[in-house]
Amino acid sequence: MRNFASNGHIAALVTILIWGTTFISTKVLLIDFTPIEILFFRFVLGFVVLLIIFPYRMKLQHKKHELLFICAGLCGVTLYYLLENIALTMTLASNVGVISGMVPFSTALLTMLFLKDESLKGNFFAGFAMAMMGIFLISYNGTANFQINPLGDILAIAATVVWAAYSVLTKKISSYGYHTIQTTRKVFLYGLILMLPALFLSDFKLGLNRFTSPVNLFNFLFLGIGASALCFVTWNMAVSKLGAIKTSVYIYMVPVITVVTSMIVLKEQLTKLSALGILLTLAGLVVSEAKLNFKKKGRLESRMVK
């Protein structure tokens with residue numbers, strides 16, 4: 001059981017370490033690509049990679065499971081990224097950064113409402129408060145830029161709820177024993193299909209000549225293979241082993257990794273407030289993970305993905 005849980009923590013940590021650095025690749029690609037084009041191309045690449053790695057066809061146990069995959073693709077691929085991208089055009093990036101820290105709380109609410117196999121203790125809320133305070137300090141860094149942008153902020157909140165729904169759906173799907181790569185690939189497929197209406201409504205173009213640039217190609221390989229194919233598999237593995245709530249707590253680390261990456265790659269300076277924010281965020285993660293206990297109902301939640 002300890003090894004089982006440890007593998008889940010490692011998978012979650014690997015996921016967040018990569019996701020915390022994707023902003024650099026996205027920022028570079030935005031010079032030649034629109035947000036919807038980046039989203040579409042990275043998940044097409046991710047789907048192809050997973051198909052090559054594990055080309056076996058999935059056999060559903062029940063037809064009703066298809067609806068779960070459709071919903072997971074809609075939430076985890078299409079809606080989450082579209083809502084977040086649109087929110088970034090309507091509100092401050094710092095607002096989105098702080099609001100994204102609400103993912104564990106949203107996940108906890110949805111998990112207890114729909115799965116009813118995990119319950120929380122006070123330490124989760126203490127860790128959440130500490131982490132949110134830390135993320136706030138990191139995001140605003142002593143500036144006076146804080147301002148509420150109702151529509152953009154609401155869309156950012158909607159994005160956190162959508163991602164929480166994806167984690168809950170992933171947990172439910174994992175209980176059926178499907179192969180993680182197959183489930184991730186199927187989620188990508190539905191996410192891409194459901195993304196098509198957005199492509200037609202936007203200024204989407206193939207423009208394959210843009211991929212001849214080594215910089216663009218490298219960043220798409222990173223986003224498609226690393227941040228999409230690999231990270232969605234490891235995130236789904238973590239959720240299946242640790243549960244939706246405990247895995248979502250690792251989201252707290254994203255702004256921390258972003259700050260550290262900015263220091264290394266963009267040569268940005270670490271301020272005292274950012275350093276304090278990092279310490280508070282990490283403390284919130286430790287408190288939540290160390291003391292977040294679950295009460296099991298029914299069968300023990302240790303079905304390994306075959």
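Trainee: What should I know about the model and its numbering?
Mentor: The model is predicted, so local features need pLDDT of at least 70 and side-chain atom pairs pLDDT 80 or more, while totals for chains, interfaces and linings use all residues. Residues are numbered from 1 along each chain as its sequence is written, and side-chain values use heavy atoms, with hydrogens and water left out.

Trainee: Is Cys 231 buried or exposed?
Mentor: Buried, at 0% relative accessible area. Buried means under 20%, exposed over 50%, and partly exposed in between (1.4 Å probe, protein chains only). Cys 71 is partly exposed at 28%.

Trainee: Salt bridges, then. How many are found?
Mentor: Two in the whole structure; the criterion is a side-chain nitrogen of Lys or Arg within 4 Å of a carboxyl oxygen of Asp or Glu. One joins Arg 210 to Glu 37, with the closest N and O atoms 2.9 Å apart.

Trainee: Are Arg 210 and Glu 37 buried or exposed?
Mentor: Arg 210 is buried at 11%, and Glu 37 is buried at 1%.

Trainee: Which residue pairs with Glu 66?
Mentor: Lys 186, with the closest N and O atoms 3.2 Å apart. Glu 66 is in helix α4 and Lys 186 in helix α9, so the pair ties together parts 120 residues apart in sequence. Helices are DSSP runs (H or I, at least four residues), numbered from the N terminus.

Technical notes
Helix = DSSP H or I, 4+ residues; strand = E, 2+ residues; numbered from the N terminus.
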